[in-house]
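Here's a quick briefing to read with the model open. Take a look at the fold, then work through the topics one by one.

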Amino acid sequence: MNRFVIAEPRKCIGCNTCMAACTEAHKKQGLQAHPRLTVMRIGDDTGPVLCHQCEDAPCARVCPVDAITFGADAILLNEQTCIGCKMCALACPFGAITPSGTGIAGVAGIAVATPSHSAALDPLLAWDIGVRSVAVKCDLCAFSGDGPACVRVCPTAALYAADADATRQAAAVKRTLAAAAPVSPETPLASLEGLDP
């Protein structure tokens, strides 16, 4: 089973601390600075969206150069192999893969304005001269022995890392709660309502 980071939207306050920590952690490693998660706001609710590390990852299946591969316990992306075709971003059912690149102005301190593109062009298809766009997705901060930076910095503990053990523990707690739930003969089970005896 793949490890993954799970978000609890009821605890998220929309502070974007997770996104900032992700950016900083990856910049220090020489990787694309674009955050690997996006805090979404829908009405009054907020919550981060990030890679689910799918067991049957559609992003890995569509990658023509095998830049996205199945690891021992995560879906891995090699930024150097990626050709920026954006097929993975289109295949991801969660919108958790973002094409991103470093502009000319950000490379070696060159003070040249980054070329812009038409505002009418869809952001997924946009590209700039001199910018190599590659896929960016959650890598669970595999370079860090401390685990994902977003989990460590979240002020409300809305993010946590899950693995096979955490999944088993959560299932055991739910089974215990379900077994202890009071059931009376007067309360019909929802799954049996409307069935003829």
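Predicted model: local features only at pLDDT ≥ 70, side-chain atom pairs only at ≥ 80, totals over all residues.

Residues are numbered from 1 along each chain as its sequence is written, and side-chain values use heavy atoms, with hydrogens and water left out.

**Overall fold**

- The protein chain has five helices and eight strands; these are DSSP runs numbered from the N terminus, with helices being H or I of at least four residues and strands being E of at least two.
- Going along the sequence, you get the pattern β-α-β-β-α-β-β-α-β-β-α-β-α.
- Of the 197 residues in the protein chain, 31% are buried (buried is under 20% relative accessible area, exposed is over 50%, and partly exposed is in between, with a 1.4 Å probe and protein chains only).
- Residues 24 or more positions apart make up 65% of the protein chain's contacts with a separation of 6 or more, where contact means heavy atoms within 4.5 Å.

- The buried residues of α1 are Cys-18, Ala-21, Cys-22, Thr-23, Ala-25 and His-26, and their cover includes β2, α4 and β8 (159-162).
- After α1 comes Gly-30, with a positive phi near 80°.
- Helix α5 (residues 164-180) has 17 residues and reaches 24 Å from first C-alpha to last, close to the 24 Å expected.
- The number of buried residues in α5 is zero out of 17, so this helix lies largely in the open.
- At the start of α5, a side-chain oxygen of Asp-163 comes to within 3.2 Å of the backbone nitrogen of Asp-165. That is a polar contact: a pair of N or O atoms within 3.5 Å, where within protein one must be able to donate a hydrogen and the other to accept it, and residues adjacent in sequence count only if both atoms are side-chain atoms.

**Nonpolar core**

- The largest nonpolar core holds 30 residues, and Leu-37, Cys-59, Ile-68, Ile-97 and Leu-159 touch the most other members.
- A nonpolar core here is a set of buried Ala, Val, Leu, Ile, Met, Phe, Trp, Tyr and Cys residues joined through side-chain atoms within 4.5 Å.
- Neighbours within four places in sequence aside, Cys-59 contacts Ile-68, Ile-75, Cys-88, Ala-91 and Ile-97.

**Cavities**

- The whole structure has six cavities of 30 Å³ or more (a cavity is a set of points on a 1 Å grid over the protein atoms alone where a 1.4 Å probe fits but cannot get out, and lining residues have an atom within 4 Å of a point).
- The largest cavity has a volume of about 90 Å³, volume being the space filled by probe spheres set on the points, which are joined across faces, edges and corners.
- Its lining has 14 residues, and Cys-12, Cys-15, Cys-18, Cys-154 and Ala-158 lie nearest the centre.

- Thr-46 is found in strand β3 (residues 45-50) and is buried, at 13% relative accessible area.
- A polar atom of the Thr-46 side chain lies 3.2 Å from the backbone oxygen of Cys-12, and one lies 3.2 Å from the backbone nitrogen of Gly-14.
- Asn-16, in the loop between β1 (4-7) and α1, is partly exposed at 28% relative accessibility.
- Asn-16 and Cys-154 are 138 residues apart along the chain, with their C-alpha atoms separated by 8.8 Å.

**Positive phi in loops**

- Most residues other than glycine have a negative phi.
- Gln-53, in the loop between β3 and α2, has a positive phi of about 50° and is buried, at 2% relative accessible area.
- Leu-140, in the loop between β7 and α4 (149-153), has a positive phi of about 55° and counts as buried at 3%.

Terms used
Expected span 1.5 Å × (residues − 1). 1 Å grid on protein atoms, 1.4 Å probe; cavity = no way out; pocket = protein on both sides within 12 Å on 5 of 7 lines; lining within 4 Å.
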